[in-house]
Amino acid sequence: MQINAALLLIIEILYLLTVVSIVVVVISENRNPIKTVAWILAVLFLPFIGIIWYAIFGQDTTRKHIISKRMYSKLKRRPLDEMGTPVEIKVPDEHENLVELLRNIDYNPLLGGNDVKIFTNAKDKFEHLFADIENAKEHIHIEYYVLQCDEIGEKFKNVLIRKAKEGIEIRIIYDSFGSRKLKKQFIEDFRMAGIEIEPFLKLSWNSFTSRLNYRNHRKIIVIDGQVGYVGGMNIADRYIKGFDWGEWRDTHARIEGKGVQGLQSVFLIDWYFVSQTLITSRKYFPLLENFGDVPMQIVNSGPLIDDKNISHGIIQAIYDSKKSIFIQTPYFFPPEAMIDALHAAAIRGVDVRVMISKRSDVALVQKASRSYIKSILESGVKVYFYKKGFLHSKMMVFDDSLTLIGSANFDTRSFEQNFEVEAFIYSEEVAIEANEIFVEDQSHSEQVVLKEWLKRPLLQRFFESVLRLFAPLL
């Protein structure tokens, strides 16, 4: 009994020393104060679980030891420099500040001559994608967060293997965490066909805790440097078949034109990280005719960049807005600066609408999202719960002239920790179509009324508020 008591005392002392050490480290790292408090609360009030959580998600070793800022800067500029000096496009007057911000913050040129097609139906997206793959003449570059070996995954694999046998260069990047269910044989089938395929930040036991927290959430396809796809749809059956309780509602865009070369640049940067192979040949950035009159900026963000490019761009777009802001997102954990911007927009009379799912694929994340609703409703923001299924769409529309389509959710993880990509599309025609999509989805949604929202059980609201404390860590 005395031995057990002594052992228990030693364990308690070691545990307390571990907790104190983590708290000291977290404070000394000078992180965002909100995130610092969240980690301290986690290790203090979630015995053992908080320590394990911090060990897996809290350490910043990947950024320090894997990603070189200097190399990133070199890779960011060099591929686009292969295009020569981009033809200057007239900047939309109402978005001049935004265009300049994105251009200066991380070398994101305004690329014109594009045609844009928006997909809200995965079946349509895949039909167009497979047709474009069949028409590929030189190369296909693919980057997905989720790549699954299900029915659509097998079809995707087979069409790529067929193109590889025709001599087409094919490179694939998949996220090691998001595609963790991918079978080894599925990957080997690609390699046996001569297709280069690499995981992004491959998970292994000796690097598990340093890499799991950094996810490549991008969805990019580039075909011959001319046709590109970007948005929220991965390669998985659920995007077509949905759930037993509803559809999977998502948004994706097909781009044809110079904007694709922005996607190409992002892919080749990531390819360097996964393969240590520098690719900057001019053949991947061909001279292109105009396929339309839509200008855009392709903006990427991730933990290797000090400036939160996509987040800064969204905040600037919110402050520039004069008439309307429509936001669709599966997860709503906005940073405080973004909440303040939405508040200010609503107060000055802008029609601000936020649409999220009534039911989510992750219950805890959904409940934490609910804690933000009361404050934005009080400032005049309209909130809608999509009821037809799970709304995974990441689309924003500003003033009938700017549309954002990409991989970033409206949450802290997307803005600060994930590797994301977003198309900032400056076009009234595209914005009008995006607004119509939003309004159609609104017809399948219920508006949240503040008076009714405040009547929810006190215990439910308290639980959501507790989860909000950990929102930066979810």
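This is a predicted model: local features need pLDDT of at least 70, side-chain atom pairs count only at pLDDT 80 or more; totals for chains, interfaces and linings use all residues.
Leaving aside its neighbours within four places in sequence, which residues is F156 in contact with? You'll find L129, F130, I133, I142, Y144, L147, I221 and I235 in contact with F156.

Now widen the view. F156 belongs to the largest nonpolar core, which has 87 residues, and together with L160 it has the most contacts inside that core. There's also a second, separate core, made of 29 residues.

Next stop: a pair of helices. Select α6 (residues 96-106) and α13 (residues 309-320), whose axes come within 9 Å and cross at roughly 165 degrees. With that angle over 145 degrees, α6 is therefore roughly antiparallel to α13. The crossing is right-handed. To see where they touch, show N97, L98, L101, L102, I105 and D106 on α6, then N309, H312, G313, Q316, A317 and D320 on α13. Colour them by class and you get five nonpolar, five polar and two charged residues.

On α13, pick S311, I314, I315, I318 and Y319; they meet A337, M338, D340, A341, L342, A344 and A345 of α14. Colour this contact by class too: ten residues are nonpolar, one is polar and one is charged.

How values were computed: Residues are numbered from 1 along each chain as its sequence is written. Side-chain values use heavy atoms; hydrogens and water are left out. A nonpolar core is a set of buried Ala, Val, Leu, Ile, Met, Phe, Trp, Tyr and Cys residues joined through side-chain atoms within 4.5 Å. Buried means under 20% relative accessible area, exposed over 50%, partly exposed in between (1.4 Å probe, protein chains only). Contact means heavy atoms within 4.5 Å. Axes are lines fitted to C-alpha atoms, for helices over the stretch in contact, and angles run from 0 to 180 degrees between N-to-C directions. Helices (H or I, at least four residues) and strands (E, at least two) are DSSP runs, numbered from the N terminus. Angles under 35 degrees count as roughly parallel, over 145 as roughly antiparallel, 65 to 115 as roughly perpendicular and the rest as oblique. A crossing is left-handed if the near helix is turned anticlockwise from the far one by less than a right angle, and right-handed if clockwise. Ala, Val, Leu, Ile, Met, Phe, Trp, Tyr, Cys and Pro count as nonpolar, Asp, Glu, Lys and Arg as charged, and the others, Gly among them, as polar.
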